[in-house]
Amino acid sequence: MKTLITGGTVVNATGTAQADVLIDGDTIAAVLAPGSTLLGFDLAGNVDEVVDASGKYVIPGGIDAHTHMQMPFGGTEASDTFETGTRAAAHGGTTSIIDFVVQYAGENILDQYKLWHEKAAGNCAIDYGFHQILSDVQDSSLTAMDELINEGVTSFKLFMAYKGVFLSDDGQIVKAMQRASDNGSLIMMHAENGSVIDLLVKQHLERGETTPYYHGVSRPWQAEEEATHRAIMLANLTGAPLYIVHVSAKQAVEQIAAARDNGQNVFAETCPQYLYLSLEDQLGASSPEWGDFEGAKWVCSTPLRSKHEGHQNHMWRGLRTNDLQVISTDHCPFCMKGQKDMGLGDFSKIPNGIGSVEHRMDLIYQGVVMGEISLPRWVELTSTTPARMFGVYGKKGVIQPGADGDVVIYDPNGHTSIGLEKTHHMNMDYSAWEGFEIDGHVDTVFSRGRKIVDENQYLGRKGDGAYFKRGLSQYLI
């Protein structure tokens with residue numbers, strides 16, 4: 001199948017240009033000046049399809065580097081399967097995800113890696129890779145890290161919170177970081193002081209403060225800043241590159257910026273929820289159906305921060321200054337009925353997670369409309385840097401010859417209304433983004449040259465997506 005996309009504005013992280021894009025089979029074959037005859041005088045007549053992208057942007061497919069499909073958590077499981085979650089991602093212009101293989105204490109890491117392949121294989125609408133979660137870091141864990149690098153898993157996530165579930169102590173973290181320093185892999189960190197949080201949660205519940213609002217209050221920014229600083233110091237000690245996930249507190253950003261200014265390989269992502277949503281408006285929300293439990297819809301960790309403390313504006317600033325390099329979603333959806341409502345009367349039992357994989361590209365494009373970031377920066381944050389950070393750049397994250405044919409045609413003059421009965425393909429009974437209006441629209445999505453979404457219609461099929469092995473990070477300084 002040969003497809004020629006004509007008339008559009010190609011947007012890469014390096015800038016914009018009027019250009020035609022030829023996709024031949026799975027890959028981009030050429031990026032040509034409009035009207036170019038380099039490939040013949042009648043190129044349009046010698047392809048299978050010509051797509052007119054006049055007045056629209058032609059961008060590399062989005063890469064969501066932080067998702068949790070079918071993740072077991074808190075006595076339940078994330079409501080999106082690899083099939084439903086990746087199909088929703090495709091609707092929103094995301095053509096690759098990197099999901100987390102989960103290892104709980106006592107589980108064999110390589111067995112878990114095999115299990116995640118079994119979950120994903122033949123089910124994904126788009127391409128996928130894996131990170132590996134490490135909980136109890138044993139000698140066998142270190143050996144598994146080396147083995148997984150050969151499998152294309154080159155990043156390993158540790159937790160400073162969730163005692164008895166994921167928490168690694170500082171000694172275990174150092175052991176993993178030492179191995180990463182040796183083998184070149186990237187350490188990802190959930191940076192919150194779990195001991196402090198556990199104490200505060202207990203105290204709130206003892207006082208009868210049980211609503212979702214107290215989920216946010218019990219996970220204060222100080223717990224995030226302290227853990228971020230500690231992770232940076234341990235990485236400094238060991239020489240390991242460090243990537244802080246889902247940063248929400250401006251004080252944590254300041255710690256990251258200081259480390260980067262000192263030349264340390266420290267990187268970070270934030271998520272759409274930390275740019276737009278807040279402790280007061282979402283976690284403190286009330287509704288006729290759910291009363292003050294309405295806020296459970298937005299319970300995630302790290303939590304939504306107070307709008308009065310300036311965290312949201314600081315996140316946008318960090319994205320402009322490259323103190324934050326990536327926007328992922330931490331997509332981990334749960335339904336209100338039968339899942340989130342497990343925490344009625346006890347906020348600590350609410351499954352943590354928000355569903356956003358479908359809306360990331362749109363929500364961050366709205367930042368372009370608002371003047372928060374530039375058009376090339378939008379592509380850089382949502383596609384190019386994730387590709388470089390996680391070792392797939394060149395094949396993904398860019399419109400250039402030889403790259404995979406992961407291409408999105410985005411209409412800046414279109415409009416997208418987000419909501420349960422509007423734009424919603426995730427397997428959830430509510431939308432965390434209900435009522436958001438986007439001044440742009442995903443028109444057409446190609447995954448490795450196949451048109452899988454066109455004008456809101458899903459044209460792909462189960463199993464279109466393939467596993468991709470990743471190299472070591474291409475973003476280290």
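Predicted model: local features only at pLDDT ≥ 70, side-chain atom pairs only at ≥ 80, totals over all residues.

Reader: Where does Asn 456 lie?

Author: Asn 456 sits in the loop between E22 and strand E23 (457-458). Its phi is positive, about 75°, although the residue is not a glycine. For context, most residues other than glycine have a negative phi.

Reader: What is the phi of Arg 448?

Author: Arg 448 is not a glycine, yet its phi is positive at about 45°. It belongs to the loop between strand E21 (441-447) and strand E22 (450-454).

Reader: Is Arg 448 buried or exposed?

Author: Arg 448 counts as buried, because its relative accessibility is 13% and the cut-off for buried is under 20%.

Reader: And what about the peptide bond that joins Ser 301 and Thr 302?

Author: That bond is cis, with omega about 0°. Most peptide bonds are trans. Thr 302 is placed in the loop between helix H10 (279-283) and H11.

Reader: Which residues of H11 are buried?

Author: Helix H11 covers residues 311-321, and its buried residues are His 311, Gln 312, His 314, Met 315, Trp 316, Gly 318 and Leu 319. An α-helix has 3.6 residues a turn, so residues three or four places apart point the same way. After H11 comes Asn 322, with a positive phi near 65°.

Reader: How far is Gly 318 from Ala 257, C-alpha to C-alpha?

Author: Their C-alpha atoms are separated by 8.6 Å, while the two residues are 61 residues apart along the chain. Ala 257 is part of helix H8 (residues 250-261). It is buried, at a relative accessible area of 12%.

Reader: Changing topic: what does UniProt place at Lys 157?

Author: The unreviewed UniProt entry gives the feature "modified residue: N6-carboxylysine" at Lys 157. In the model, Lys 157 is in strand E13 (residues 155-159). It is buried, because its relative accessible area is 2% and buried means under 20%.

Reader: Which residues does Lys 157 touch?

Author: Not counting residues up to four places away in sequence, Lys 157 touches His 66, His 68, Phe 100, Gln 132, Ile 133, Leu 134, Met 188, His 190 and Val 245.

Reader: How many cavities are there of 30 Å³ or more?

Author: The count comes to 1 cavity. Of the 14 residues in the lining of the largest cavity, those closest to its centre are His 68, Tyr 162, Ser 301, Asp 330 and Asn 352. About 140 Å³ of space lies in the largest cavity, and its lining divides into 6 nonpolar, 6 polar and 2 charged residues. His 68 is also among the residues that Lys 157 touches, and Ser 301 is one partner in the cis peptide bond.

Reader: What volume does the largest pocket have, then?

Author: The largest pocket has a volume of about 440 Å³. Its lining is made of 22 residues, and Phe 73, Tyr 162, Arg 219, Ser 348 and Asn 352 lie nearest its centre. By type, the lining has 12 nonpolar, 6 polar and 4 charged residues.

Reader: Let us step back. Which domains does the domain assignment give?

Author: The assignment gives domain 1 (2-59 + 398-425 + 438-458) and domain 2 (61-389). Their contact takes 31 residues from domain 1 and 27 residues from domain 2. The C-alpha centres of domain 1 and domain 2 lie 30 Å apart.

Reader: And which residues does the UniProt domain annotation cover?

Author: The unreviewed entry has "domain: Amidohydrolase-related" covering residues 57-450. Over residues 57-450 the chain is 36% helix and 17% strand, with the end C-alpha atoms 18 Å apart.

Definitions and conventions: Residues numbered from 1 in each chain as written. Heavy atoms only, no water. UniProt positions renumbered as here; feature names shortened; annotations may be inferred. Helix = DSSP H or I, 4+ residues; strand = E, 2+ residues; numbered from the N terminus. Buried < 20%, exposed > 50% of the residue type's maximum accessible area, 1.4 Å probe, protein only. 1 Å grid on protein atoms, 1.4 Å probe; cavity = no way out; pocket = protein on both sides within 12 Å on 5 of 7 lines; lining within 4 Å. Points joined across faces, edges and corners; volume = space filled by probe spheres on them. Nonpolar A, V, L, I, M, F, W, Y, C, P; charged D, E, K, R; others polar. Domains from an automatic or database assignment. Contact = heavy atoms within 4.5 Å.
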